[in-house]
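Here is a short briefing to read with the model open beside you.

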Amino acid sequence: MQMIGLTVRPFNRLALRFSAVCGAAVMLASCQTTPLEPAAQNAVQPEQSADDAVGLSVQQQMNAIAEDYVKLSLEIGTKEEGYIDAYYGPAEWKTAAEANPRGLIDLANAVIALEERLDLIDDSRLDRLEKKRRAYLQGQLTAARTRLLMLQGETLTFREEALGLFGVVPDIKPLAELEAAYKILEERVPGEGSLTGRITKLFAPATILPKEKLQPVFDAAIAECRRRTLQYIDLPDNERFTMRFVNDKPWSGYNYYQGDFNSKIEINTDLPIAIGRAVDLGCHEGYPGHHVFNMLLEKNLSKDRGWVEYQIYPLYSPQSVIAEGSANYGIELAFPDGQQAAYEENVLAPLAGISIKDGPDMAPDIAEALSGLSGQRFAIARAYIDKEIDREEAIRLTMRYGFRDRKSAEQSIRFLDTYRTYVINYGLGLEMVAKFVEAGNPDDATKWARMQTILSEPTLPADLVVQ
């Protein structure tokens, strides 16, 4: 999935992470505790909290916990549309979950019981990947417990929700700091009229694709994203996807993974689509983004190791930090050093029957001032979710600090209304993946190898922290 966002590309083709990038400081949640435990303790405790699988190996116990986790997640999915982003396990498990799902409190108790069983697993008897598997399941169960609290009507702050669901929270700038950065830009950006208009002139024009050219341009962009990915990552021979254009969605693109190395990709056409979005979405939803991520998990963990927990993907979980962060970073990985702009100008623009013209370079002092507005998306989201501002004010601030028109700003807040703190996974996930992959200034082959490791193993946000 990719949220509606402003594509900002400076004339000098330098990679400038604008609204998606947040501050470097993050807080990671414990795999075993969160600030939400007191509320969870109000639920009726399960009759049995220990694993009674006497005589089973730790691997067999883990497999049993994983199977129960999948079945439990399917039951939770009956309580909230969209909770399960992907499932390709046994059909009879889904049928059984839908036939007689338990109530929210009973489901919360079942999560606690699974956490207790997982706590009894002896780490010393697990290999490296099995230890990562155990930590992954702990993070997923914490997220499930948090989401069940929310479904029961528990009011959580932005910080509590982000930590509980995703295991991480960004360092968020105060709105006053954003206003100070805005004032500096007003002074530094030359020209007359609104700051939004002046900022727009500093960047390559967001050339809009004609609707009749969307299909061929996106087909070409995704094919190029795939070609570049295949240079470094082997993909299953039968991998494939279908793509269609849709409307009336709160996001700009979505990958619905179907299993068996097959994806269904949808592109939202509610807003005009600039030429730069073809590569962005082709990489993010396809290669080396969500499509590749899901395929590698299915192949390496579900099929090769028989780890059934990877046959299901609950959207509100730490897995989404990895999914969205790697998908966003995949754009830069596949098209480094200005190659995306060159590809758009030389290949996609002629295909679309349009032209792209460069303008003057942006002054360094303006670029520095513009970076002061990085993280504006998170600041607005936190204030909105914590009810410090209302919807109209959130729209106004998005227009002001994100340099958007009203329709685009409304779409952005619609995303917050639907997915709430999920928004942190894009910018914070990108930053964390980028720091992990680029640590020590490696060559391209090493970057891709590190990326493949992230996509192929049980990975939590804490695994990406570079000391």
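In this predicted model, helix H16 (residues 391-402) and helix H17 (residues 406-419) pack at an angle of about 125°. An angle between 115 and 145 degrees is neither roughly perpendicular nor roughly antiparallel, and H16 and H17 are therefore oblique to each other. Their axes are 9 Å apart, and the crossing is right-handed.

**The contact of H16 with H17**

- From H16, the contact draws on Arg391, Glu392, Ala394, Ile395, Thr398 and Met399.
- From H17, Arg406, Ala409, Glu410, Ser412, Ile413, Arg414 and Asp417 take part.

- The axes of H18 and H19 come within 9 Å and cross at roughly 130°, which makes H18 oblique to H19.
- Here, too, is a handedness to note: the crossing of H18 and H19 is right-handed.
- On the H18 side you will find Val433, Phe436, Val437 and Glu438, which meet Lys447, Arg450, Met451 and Ile454 of H19.
- The residues of this contact comprise 5 nonpolar and 3 charged, with no polar ones.

**Gly429, inside H18**

- Gly429 is found in helix H18, which spans residues 424-438.
- Is Gly429 buried or exposed? Its relative accessibility is 0%, so Gly429 counts as buried.
- Once neighbours within four places in sequence are left aside, Gly429 is in contact with Val321, Gly325 and Ile424.
- Glu324 is 105 residues away from Gly429 along the chain, yet the C-alpha atoms of the two are separated by 6.3 Å.

**Two loop residues with positive phi**

- Arg420 sits in the loop between H17 and H18.
- Phi of Arg420 is near 55°, a positive value in a residue that is not glycine.
- With a relative accessible area of 27%, Arg420 is partly exposed.
- Asn441 belongs to the loop between H18 and helix H19 (444-456).
- Asn441 is not a glycine either, although its phi is positive at about 55°.
- How much of Asn441 is accessible? The relative accessible area of Asn441 is 69%, so this residue is exposed.

- Arg226 has its place in helix H9 (residues 214-230).
- A relative accessible area of 32% makes Arg226 partly exposed.
- Which residues does Arg226 touch, not counting those up to four places away in sequence? They are Glu239 and Tyr287.
- Arg226 and Cys283 are 57 residues apart in sequence, and their C-alpha atoms are 8.0 Å apart in space.
- Tyr287 also takes part in a cis peptide bond: the bond from Tyr287 to Pro288 has omega near 0°.
- Pro288 lies in the loop between helix H10 (276-286) and helix H11 (290-303).

**The largest nonpolar core**

- The largest nonpolar core has 135 residues.
- Met1, Leu185, Leu209, Phe218, Tyr419 and Tyr422 are the ones that touch the most other members of this core.
- Helix H2 (residues 58-77) supplies the largest share of the core, with 9 residues.

Note on methods. Residues numbered from 1 in each chain as written. Predicted model: local features only at pLDDT ≥ 70, side-chain atom pairs only at ≥ 80, totals over all residues. Heavy atoms only, no water. Axes fitted to C-alpha atoms, helices over the stretch in contact; angles between N-to-C directions. Helix = DSSP H or I, 4+ residues; strand = E, 2+ residues; numbered from the N terminus. Parallel < 35°, antiparallel > 145°, perpendicular 65-115°, else oblique. Left-handed = near helix turned anticlockwise from the far one by under 90°. Contact = heavy atoms within 4.5 Å. Buried < 20%, exposed > 50% of the residue type's maximum accessible area, 1.4 Å probe, protein only. Core = buried A, V, L, I, M, F, W, Y, C linked by side-chain atoms within 4.5 Å. Nonpolar A, V, L, I, M, F, W, Y, C, P; charged D, E, K, R; others polar.
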